[in-house]
Number of protein chains: 2
Amino acid sequence: MSTSEKSGYHHGDLRAALLSTAMEMLEGGEPFSLRAVARRAGVSPTAPYRHFKDRDALESALAVEGFRDLLADLDDERGLPASLPDLAEFAVAYVAFALRRPALFRVMFGKPCDDADDERVKAADALHELLADALDRVFPHADATALASAGWGLAHGLACLYLDGKMHATSDEEVAARVRGAFLAITSVGS
Amino acid sequence: MSTSEKSGYHHGDLRAALLSTAMEMLEGGEPFSLRAVARRAGVSPTAPYRHFKDRDALESALAVEGFRDLLADLDDERGLPASLPDLAEFAVAYVAFALRRPALFRVMFGKPCDDADDERVKAADALHELLADALDRVFPHADATALASAGWGLAHGLACLYLDGKMHATSDEEVAARVRGAFLAITSVGS
DNA sequence: ACACTATGTTTACGGTGCTAACACAGCATA
DNA sequence: TATGCTGTGTTAGCACCGTAAACATAGTGT
(Lines give C-alpha, C1' and ligand atoms only; values in the text may rest on other atoms or scores of the structure.)
Protein backbone atom coordinates (compact mmCIF):
# COMPACT_ATOMS: atom_id res chain seq x y z
CA MET A 1 0.00 0.00 0.00
CA SER A 2 2.51 2.49 1.23
CA THR A 3 1.55 5.86 -0.11
CA SER A 4 -1.22 5.14 -2.56
CA GLU A 5 -4.92 4.77 -2.13
CA LYS A 6 -6.60 1.51 -1.40
CA SER A 7 -10.00 1.75 -3.04
CA GLY A 8 -12.41 1.02 -0.25
CA TYR A 9 -13.57 1.84 3.17
CA HIS A 10 -10.12 2.43 4.51
CA HIS A 11 -7.94 4.94 2.84
CA GLY A 12 -4.51 3.51 3.42
CA ASP A 13 -2.60 6.61 4.31
CA LEU A 14 -5.06 9.30 5.17
CA ARG A 15 -2.74 11.18 7.46
CA ALA A 16 -0.19 11.81 4.78
CA ALA A 17 -2.87 12.58 2.23
CA LEU A 18 -4.45 15.14 4.55
CA LEU A 19 -1.12 16.76 5.20
CA SER A 20 -0.25 17.08 1.57
CA THR A 21 -3.62 18.34 0.42
CA ALA A 22 -3.68 20.76 3.34
CA MET A 23 -0.29 22.05 2.28
CA GLU A 24 -1.47 22.39 -1.30
CA MET A 25 -4.50 24.37 -0.25
CA LEU A 26 -2.50 26.55 2.07
CA GLU A 27 0.07 27.38 -0.55
CA GLY A 28 -2.60 27.67 -3.19
CA GLY A 29 -4.11 30.56 -1.31
CA GLU A 30 -7.38 28.83 -0.49
CA PRO A 31 -8.55 29.37 3.04
CA PHE A 32 -7.91 26.03 4.54
CA SER A 33 -10.37 24.30 6.83
CA LEU A 34 -10.54 20.82 8.22
CA ARG A 35 -13.74 20.15 6.32
CA ALA A 36 -12.36 21.49 3.07
CA VAL A 37 -9.26 19.38 3.40
CA ALA A 38 -11.37 16.31 4.07
CA ARG A 39 -13.57 17.09 1.08
CA ARG A 40 -10.53 17.54 -1.13
CA ALA A 41 -9.12 14.25 0.09
CA GLY A 42 -12.38 12.52 -0.77
CA VAL A 43 -13.23 11.58 2.74
CA SER A 44 -15.97 12.40 5.24
CA PRO A 45 -15.88 15.73 7.07
CA THR A 46 -14.85 14.27 10.38
CA ALA A 47 -12.38 11.65 9.23
CA PRO A 48 -9.39 13.95 9.93
CA TYR A 49 -10.15 13.75 13.63
CA ARG A 50 -8.83 10.21 13.64
CA HIS A 51 -5.41 11.60 12.78
CA PHE A 52 -5.36 15.05 14.25
CA LYS A 53 -6.75 16.05 17.59
CA ASP A 54 -8.06 19.29 16.19
CA ARG A 55 -7.44 21.97 13.62
CA ASP A 56 -4.44 23.28 15.48
CA ALA A 57 -2.80 19.88 15.39
CA LEU A 58 -2.98 19.82 11.62
CA GLU A 59 -1.61 23.32 11.46
CA SER A 60 1.22 22.38 13.77
CA ALA A 61 2.13 19.46 11.55
CA LEU A 62 2.27 21.81 8.58
CA ALA A 63 4.38 24.22 10.58
CA VAL A 64 6.86 21.49 11.38
CA GLU A 65 7.25 20.77 7.68
CA GLY A 66 7.75 24.46 7.17
CA PHE A 67 10.51 24.67 9.73
CA ARG A 68 12.27 21.75 8.11
CA ASP A 69 12.07 23.42 4.72
CA LEU A 70 13.26 26.75 6.04
CA LEU A 71 16.18 25.13 7.75
CA ALA A 72 17.06 23.28 4.58
CA ASP A 73 16.83 26.51 2.61
CA LEU A 74 19.15 28.25 5.00
CA ASP A 75 22.00 25.84 5.26
CA ASP A 76 21.71 24.16 1.93
CA GLU A 77 22.05 27.33 0.06
CA ARG A 78 25.59 28.15 1.04
CA GLY A 79 26.85 26.09 3.92
CA LEU A 80 27.44 27.92 7.14
CA PRO A 81 28.21 31.62 6.92
CA ALA A 82 31.76 32.67 7.52
CA SER A 83 31.57 36.42 7.20
CA LEU A 84 29.30 39.32 7.79
CA PRO A 85 28.10 39.47 4.17
CA ASP A 86 27.33 35.76 4.43
CA LEU A 87 25.12 36.54 7.36
CA ALA A 88 23.35 39.17 5.34
CA GLU A 89 22.63 36.52 2.72
CA PHE A 90 21.22 34.39 5.48
CA ALA A 91 18.77 37.13 6.27
CA VAL A 92 17.98 37.55 2.61
CA ALA A 93 17.23 33.85 2.27
CA TYR A 94 15.04 33.97 5.37
CA VAL A 95 12.96 36.80 4.02
CA ALA A 96 12.81 35.20 0.59
CA PHE A 97 11.37 32.07 2.15
CA ALA A 98 8.70 34.09 3.88
CA LEU A 99 7.73 35.85 0.69
CA ARG A 100 7.79 32.70 -1.39
CA ARG A 101 5.58 30.77 1.01
CA PRO A 102 3.63 33.43 2.87
CA ALA A 103 0.78 31.33 4.15
CA LEU A 104 3.08 28.65 5.45
CA PHE A 105 5.23 31.27 7.12
CA ARG A 106 2.19 32.66 8.90
CA VAL A 107 1.21 29.22 10.09
CA MET A 108 4.72 28.68 11.39
CA PHE A 109 4.86 31.94 13.30
CA GLY A 110 1.38 33.32 13.56
CA LYS A 111 0.46 31.95 16.95
CA PRO A 112 2.14 31.00 20.18
CA CYS A 113 3.21 27.41 20.35
CA ASP A 114 1.89 26.60 23.75
CA ASP A 115 2.63 22.91 23.70
CA ALA A 116 5.98 23.00 25.41
CA ASP A 117 7.38 19.78 24.06
CA ASP A 118 5.83 19.29 20.68
CA GLU A 119 7.74 18.81 17.48
CA ARG A 120 7.07 22.33 16.52
CA VAL A 121 9.01 23.80 19.38
CA LYS A 122 11.89 21.47 18.64
CA ALA A 123 11.93 22.58 15.04
CA ALA A 124 11.98 26.25 16.05
CA ASP A 125 14.75 25.58 18.52
CA ALA A 126 16.79 23.88 15.81
CA LEU A 127 16.50 27.08 13.82
CA HIS A 128 17.63 29.12 16.78
CA GLU A 129 20.65 26.89 17.26
CA LEU A 130 21.62 27.09 13.65
CA LEU A 131 21.63 30.85 13.87
CA ALA A 132 23.55 30.90 17.12
CA ASP A 133 26.18 28.58 15.62
CA ALA A 134 26.48 30.76 12.58
CA LEU A 135 26.84 33.96 14.57
CA ASP A 136 29.30 32.35 16.92
CA ARG A 137 31.41 31.28 14.00
CA VAL A 138 31.51 34.76 12.52
CA PHE A 139 32.01 36.62 15.79
CA PRO A 140 33.57 34.12 18.16
CA HIS A 141 34.42 36.62 20.85
CA ALA A 142 31.05 38.37 21.00
CA ASP A 143 27.96 37.52 22.98
CA ALA A 144 26.69 34.84 20.66
CA THR A 145 23.27 34.66 22.27
CA ALA A 146 22.56 38.34 21.99
CA LEU A 147 23.86 38.42 18.45
CA ALA A 148 21.82 35.44 17.42
CA SER A 149 18.71 37.05 18.83
CA ALA A 150 19.50 40.22 16.97
CA GLY A 151 20.17 38.43 13.71
CA TRP A 152 17.09 36.31 13.90
CA GLY A 153 15.00 39.23 15.08
CA LEU A 154 16.14 41.41 12.24
CA ALA A 155 15.51 38.81 9.59
CA HIS A 156 12.20 37.82 11.09
CA GLY A 157 11.01 41.36 11.54
CA LEU A 158 11.79 42.32 7.98
CA ALA A 159 10.10 39.16 6.76
CA CYS A 160 6.94 40.00 8.69
CA LEU A 161 6.90 43.63 7.69
CA TYR A 162 7.29 42.87 4.01
CA LEU A 163 4.86 40.02 4.22
CA ASP A 164 2.21 42.14 5.84
CA GLY A 165 2.68 45.03 3.51
CA LYS A 166 4.09 47.37 6.14
CA MET A 167 7.17 47.79 4.03
CA HIS A 168 6.91 48.02 0.30
CA ALA A 169 9.05 46.86 -2.58
CA THR A 170 8.23 46.26 -6.19
CA SER A 171 10.16 43.06 -6.73
CA ASP A 172 11.82 40.23 -4.91
CA GLU A 173 15.18 41.58 -5.96
CA GLU A 174 14.40 44.90 -4.38
CA VAL A 175 13.38 43.18 -1.17
CA ALA A 176 16.65 41.28 -1.19
CA ALA A 177 18.60 44.45 -1.73
CA ARG A 178 16.80 46.25 1.05
CA VAL A 179 17.29 43.41 3.48
CA ARG A 180 20.96 43.29 2.65
CA GLY A 181 21.16 47.04 3.02
CA ALA A 182 19.43 47.04 6.38
CA PHE A 183 21.64 44.28 7.67
CA LEU A 184 24.85 45.93 6.57
CA ALA A 185 23.73 49.36 7.74
CA ILE A 186 22.98 48.31 11.26
CA THR A 187 26.12 46.23 11.61
CA SER A 188 28.36 49.04 10.49
CA VAL A 189 26.91 51.71 12.69
CA GLY A 190 29.37 51.37 15.50
CA SER A 191 32.48 51.72 13.44
CA MET B 1 -26.66 61.81 23.50
CA SER B 2 -23.02 61.91 22.70
CA THR B 3 -21.42 58.78 24.05
CA SER B 4 -24.12 57.25 26.21
CA GLU B 5 -26.95 54.94 25.39
CA LYS B 6 -30.36 56.15 24.42
CA SER B 7 -32.78 53.52 25.64
CA GLY B 8 -34.74 52.66 22.58
CA TYR B 9 -34.68 51.49 19.07
CA HIS B 10 -31.70 53.56 18.15
CA HIS B 11 -28.55 53.18 20.11
CA GLY B 12 -27.06 56.62 19.83
CA ASP B 13 -23.46 55.80 19.25
CA LEU B 14 -23.27 52.21 18.22
CA ARG B 15 -20.09 52.57 16.24
CA ALA B 16 -18.10 53.77 19.20
CA ALA B 17 -19.75 51.23 21.47
CA LEU B 18 -18.86 48.42 19.10
CA LEU B 19 -15.29 49.59 18.86
CA SER B 20 -14.83 49.80 22.57
CA THR B 21 -16.46 46.50 23.41
CA ALA B 22 -14.53 44.85 20.60
CA MET B 23 -11.33 46.23 22.05
CA GLU B 24 -12.31 45.01 25.49
CA MET B 25 -12.98 41.54 24.23
CA LEU B 26 -9.80 41.47 22.20
CA GLU B 27 -7.67 42.55 25.11
CA GLY B 28 -9.64 40.38 27.47
CA GLY B 29 -8.51 37.35 25.57
CA GLU B 30 -11.95 36.36 24.35
CA PRO B 31 -12.05 35.30 20.74
CA PHE B 32 -13.78 38.22 19.18
CA SER B 33 -16.49 37.86 16.58
CA LEU B 34 -18.91 40.30 15.04
CA ARG B 35 -21.82 38.46 16.56
CA ALA B 36 -20.25 38.32 19.99
CA VAL B 37 -19.48 42.01 19.89
CA ALA B 38 -23.05 42.76 18.88
CA ARG B 39 -24.38 40.55 21.65
CA ARG B 40 -22.13 42.25 24.17
CA ALA B 41 -23.30 45.64 22.98
CA GLY B 42 -26.91 44.55 23.43
CA VAL B 43 -27.80 44.80 19.80
CA SER B 44 -28.91 42.43 17.06
CA PRO B 45 -26.36 40.18 15.39
CA THR B 46 -26.28 42.11 12.15
CA ALA B 47 -26.45 45.63 13.47
CA PRO B 48 -22.67 46.10 13.18
CA TYR B 49 -22.98 45.92 9.42
CA ARG B 50 -24.52 49.38 9.45
CA HIS B 51 -21.21 50.71 10.70
CA PHE B 52 -18.60 48.31 9.37
CA LYS B 53 -18.57 46.76 5.93
CA ASP B 54 -17.40 43.46 7.32
CA ARG B 55 -15.36 41.84 10.04
CA ASP B 56 -12.13 43.06 8.56
CA ALA B 57 -13.31 46.64 8.68
CA LEU B 58 -13.86 46.40 12.41
CA GLU B 59 -10.47 44.83 12.84
CA SER B 60 -8.88 47.57 10.82
CA ALA B 61 -10.48 50.20 12.99
CA LEU B 62 -9.05 48.48 16.05
CA ALA B 63 -5.67 48.31 14.37
CA VAL B 64 -5.73 52.05 13.73
CA GLU B 65 -6.33 52.66 17.41
CA GLY B 66 -3.45 50.33 18.12
CA PHE B 67 -1.09 52.23 15.88
CA ARG B 68 -2.04 55.46 17.55
CA ASP B 69 -1.39 53.98 20.97
CA LEU B 70 1.92 52.49 19.93
CA LEU B 71 3.05 55.77 18.46
CA ALA B 72 2.06 57.57 21.63
CA ASP B 73 3.93 54.99 23.70
CA LEU B 74 7.04 55.46 21.65
CA ASP B 75 7.42 59.18 21.59
CA ASP B 76 5.67 60.06 24.79
CA GLU B 77 7.93 57.96 26.84
CA ARG B 78 11.11 59.86 26.28
CA GLY B 79 10.90 62.34 23.46
CA LEU B 80 12.95 61.60 20.42
CA PRO B 81 16.03 59.49 20.83
CA ALA B 82 19.37 61.25 20.65
CA SER B 83 21.79 58.41 21.11
CA LEU B 84 22.24 54.75 20.40
CA PRO B 85 21.11 53.66 23.87
CA ASP B 86 18.03 55.81 23.38
CA LEU B 87 17.30 53.82 20.26
CA ALA B 88 17.67 50.61 22.19
CA GLU B 89 15.03 51.89 24.61
CA PHE B 90 12.81 52.56 21.63
CA ALA B 91 13.09 48.92 20.68
CA VAL B 92 12.44 47.92 24.27
CA ALA B 93 9.30 50.01 24.38
CA TYR B 94 8.13 48.55 21.08
CA VAL B 95 8.51 45.00 22.31
CA ALA B 96 6.94 45.89 25.63
CA PHE B 97 3.89 47.21 23.81
CA ALA B 98 3.59 43.97 21.88
CA LEU B 99 3.79 41.88 25.03
CA ARG B 100 1.44 44.10 26.97
CA ARG B 101 -1.23 44.05 24.27
CA PRO B 102 -0.57 40.86 22.33
CA ALA B 103 -3.93 40.42 20.68
CA LEU B 104 -4.03 44.02 19.52
CA PHE B 105 -0.51 43.71 18.19
CA ARG B 106 -1.52 40.67 16.17
CA VAL B 107 -4.48 42.50 14.74
CA MET B 108 -2.24 45.39 13.79
CA PHE B 109 0.33 43.24 12.04
CA GLY B 110 -1.15 39.84 11.48
CA LYS B 111 -2.39 40.30 7.98
CA PRO B 112 -1.55 42.30 4.90
CA CYS B 113 -3.28 45.63 4.69
CA ASP B 114 -4.44 45.46 1.14
CA ASP B 115 -6.46 48.63 1.14
CA ALA B 116 -3.86 50.97 -0.24
CA ASP B 117 -5.25 54.18 1.14
CA ASP B 118 -7.05 53.32 4.29
CA GLU B 119 -6.35 54.85 7.65
CA ARG B 120 -4.48 51.81 8.68
CA VAL B 121 -1.78 52.24 6.10
CA LYS B 122 -1.42 55.87 7.03
CA ALA B 123 -1.00 54.95 10.68
CA ALA B 124 1.67 52.40 9.83
CA ASP B 125 3.45 54.93 7.64
CA ALA B 126 3.44 57.43 10.47
CA LEU B 127 5.23 54.86 12.56
CA HIS B 128 7.77 54.33 9.83
CA GLU B 129 8.43 58.04 9.56
CA LEU B 130 8.87 58.42 13.26
CA LEU B 131 11.52 55.74 13.19
CA ALA B 132 13.27 57.19 10.18
CA ASP B 133 13.38 60.60 11.84
CA ALA B 134 14.80 59.11 14.98
CA LEU B 135 17.48 57.16 13.17
CA ASP B 136 18.36 60.13 11.05
CA ARG B 137 18.82 62.23 14.13
CA VAL B 138 21.15 59.75 15.74
CA PHE B 139 23.13 58.92 12.61
CA PRO B 140 22.77 61.90 10.35
CA HIS B 141 25.39 60.81 7.86
CA ALA B 142 24.23 57.22 7.41
CA ASP B 143 21.65 55.75 5.08
CA ALA B 144 18.63 56.69 7.12
CA THR B 145 16.22 54.52 5.15
CA ALA B 146 18.25 51.37 5.51
CA LEU B 147 18.87 52.05 9.16
CA ALA B 148 15.23 52.75 9.85
CA SER B 149 14.30 49.48 8.20
CA ALA B 150 16.87 47.68 10.25
CA GLY B 151 15.77 49.29 13.49
CA TRP B 152 12.12 48.65 12.90
CA GLY B 153 12.80 45.18 11.62
CA LEU B 154 14.82 44.28 14.65
CA ALA B 155 12.28 45.60 17.13
CA HIS B 156 9.41 44.06 15.24
CA GLY B 157 11.08 40.71 14.81
CA LEU B 158 11.94 40.42 18.48
CA ALA B 159 8.40 41.44 19.38
CA CYS B 160 6.94 38.71 17.17
CA LEU B 161 9.34 36.05 18.32
CA TYR B 162 8.72 36.71 21.99
CA LEU B 163 5.02 37.08 21.40
CA ASP B 164 4.78 33.77 19.62
CA GLY B 165 6.90 31.92 22.09
CA LYS B 166 9.79 31.35 19.74
CA MET B 167 12.05 33.12 22.17
CA HIS B 168 11.65 32.61 25.86
CA ALA B 169 12.05 34.79 28.86
CA THR B 170 10.69 34.50 32.35
CA SER B 171 9.76 38.12 32.96
CA ASP B 172 9.17 41.39 31.21
CA GLU B 173 12.38 42.71 32.66
CA GLU B 174 14.30 39.85 31.15
CA VAL B 175 12.71 40.51 27.78
CA ALA B 176 13.70 44.16 28.05
CA ALA B 177 17.25 43.22 28.94
CA ARG B 178 17.51 40.81 26.06
CA VAL B 179 16.13 43.28 23.57
CA ARG B 180 18.57 45.89 24.77
CA GLY B 181 21.36 43.36 24.58
CA ALA B 182 20.49 42.30 21.07
CA PHE B 183 20.27 45.87 19.90
CA LEU B 184 23.58 46.87 21.40
CA ALA B 185 25.28 43.69 20.26
CA ILE B 186 24.38 44.07 16.63
CA THR B 187 25.20 47.76 16.53
CA SER B 188 28.64 47.24 17.99
CA VAL B 189 29.68 44.42 15.75
CA GLY B 190 31.49 46.50 13.20
CA SER B 191 33.73 48.30 15.62
C1' DA C 1 -47.87 66.28 6.72
C1' DC C 2 -44.80 63.66 4.18
C1' DA C 3 -41.11 61.52 2.18
C1' DC C 4 -36.27 60.48 2.90
C1' DT C 5 -32.46 58.61 5.19
C1' DA C 6 -30.05 56.44 8.87
C1' DT C 7 -30.10 52.91 11.82
C1' DG C 8 -31.56 48.67 13.95
C1' DT C 9 -34.26 43.88 13.49
C1' DT C 10 -35.63 39.44 11.61
C1' DT C 11 -34.90 35.71 8.91
C1' DA C 12 -32.24 32.82 6.26
C1' DC C 13 -28.22 30.51 3.98
C1' DG C 14 -24.00 28.06 3.79
C1' DG C 15 -19.84 27.40 6.08
C1' DT C 16 -17.04 26.06 10.29
C1' DG C 17 -14.99 23.08 14.36
C1' DC C 18 -16.18 19.41 17.10
C1' DT C 19 -18.70 15.40 19.58
C1' DA C 20 -21.16 11.14 19.84
C1' DA C 21 -22.92 7.07 18.03
C1' DC C 22 -22.40 3.88 14.58
C1' DA C 23 -20.15 0.75 10.65
C1' DC C 24 -16.68 -1.61 8.62
C1' DA C 25 -12.26 -4.12 8.25
C1' DG C 26 -8.12 -6.43 9.76
C1' DC C 27 -5.57 -8.75 13.33
C1' DA C 28 -4.87 -11.77 17.41
C1' DT C 29 -6.00 -15.16 20.02
C1' DA C 30 -8.64 -19.19 21.55
C1' DT D 1 -12.34 -21.41 12.19
C1' DA D 2 -14.86 -18.41 15.28
C1' DT D 3 -14.56 -14.41 18.44
C1' DG D 4 -13.87 -10.14 19.69
C1' DC D 5 -10.65 -6.04 19.97
C1' DT D 6 -8.74 -2.08 17.87
C1' DG D 7 -8.13 1.23 14.24
C1' DT D 8 -10.24 3.82 10.87
C1' DG D 9 -13.97 5.87 8.44
C1' DT D 10 -19.17 7.51 8.28
C1' DT D 11 -23.46 9.83 9.66
C1' DA D 12 -26.03 12.96 12.36
C1' DG D 13 -26.21 16.80 14.96
C1' DC D 14 -24.71 20.77 17.92
C1' DA D 15 -23.49 25.71 18.41
C1' DC D 16 -21.26 29.10 16.28
C1' DC D 17 -19.74 32.09 12.55
C1' DG D 18 -19.99 35.85 8.54
C1' DT D 19 -23.07 37.79 5.50
C1' DA D 20 -27.15 39.20 2.61
C1' DA D 21 -32.13 40.55 1.96
C1' DA D 22 -36.26 42.25 3.47
C1' DC D 23 -38.45 44.72 6.92
C1' DA D 24 -39.28 48.21 10.95
C1' DT D 25 -38.49 52.34 13.34
C1' DA D 26 -37.22 56.88 14.18
C1' DG D 27 -35.46 61.37 13.45
C1' DT D 28 -34.77 65.19 9.81
C1' DG D 29 -35.67 68.38 6.22
C1' DT D 30 -39.21 70.31 3.03
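Student: How many residues does the contact take from chain A and from chain B?

Tutor: This is a predicted model. In it, the contact takes 37 residues from chain A and 37 residues from chain B.

Student: Which helices of chain A each supply at least two residues of the side that touches chain B?

Tutor: Helix 7 (144-163) and helix 8 (172-187) of chain A do. Helix 7 of chain A gives the largest share, 13 residues.

Student: How do the residues of that side of chain A divide by class?

Tutor: There are 21 nonpolar, 11 polar and five charged residues on the side of chain A that touches chain B.

Student: Turning to packing within chain A, at what angle do helix 3 and helix 4 pack?

Tutor: Helix 3 (residues 55-76) and helix 4 (residues 84-100) of chain A pack at about 145°, and their axes are 9 Å apart. Their crossing is right-handed. Helix 3 of chain A brings A:Leu70, A:Asp73 and A:Leu74 to the contact, while helix 4 of chain A brings A:Phe90, A:Ala93, A:Tyr94 and A:Phe97. By class, that contact has six nonpolar, no polar and one charged residues.

Student: Is A:Ala134 buried or exposed?

Tutor: A residue is buried if 20 or more other C-beta atoms lie within 10 Å of its own. A:Ala134 has 22 C-beta neighbours inside 10 Å, so A:Ala134 counts as buried. A:Ala134 is found in helix 6 (residues 119-138) of chain A.

Student: Which residues does A:Ala134 touch, leaving out those up to four places away in sequence?

Tutor: A:Ala134 touches A:Leu80, A:Pro81, A:Leu87 and A:Phe90. A:Phe90 also takes part in the contact of helix 3 with helix 4 of chain A.

Conventions
Residues numbered from 1 in each chain as written. Chains lettered and ligands numbered in written order. Predicted model: local features only at pLDDT ≥ 70, side-chain atom pairs only at ≥ 80, totals over all residues. Axes fitted to C-alpha atoms, helices over the stretch in contact; angles between N-to-C directions. Helix = DSSP H or I, 4+ residues; strand = E, 2+ residues; numbered from the N terminus. Left-handed = near helix turned anticlockwise from the far one by under 90°. Contact = placed C-beta atoms within 7 Å. Nonpolar A, V, L, I, M, F, W, Y, C, P; charged D, E, K, R; others polar. Buried ≥ 20, exposed ≤ 12 C-beta atoms within 10 Å, placed from the backbone.
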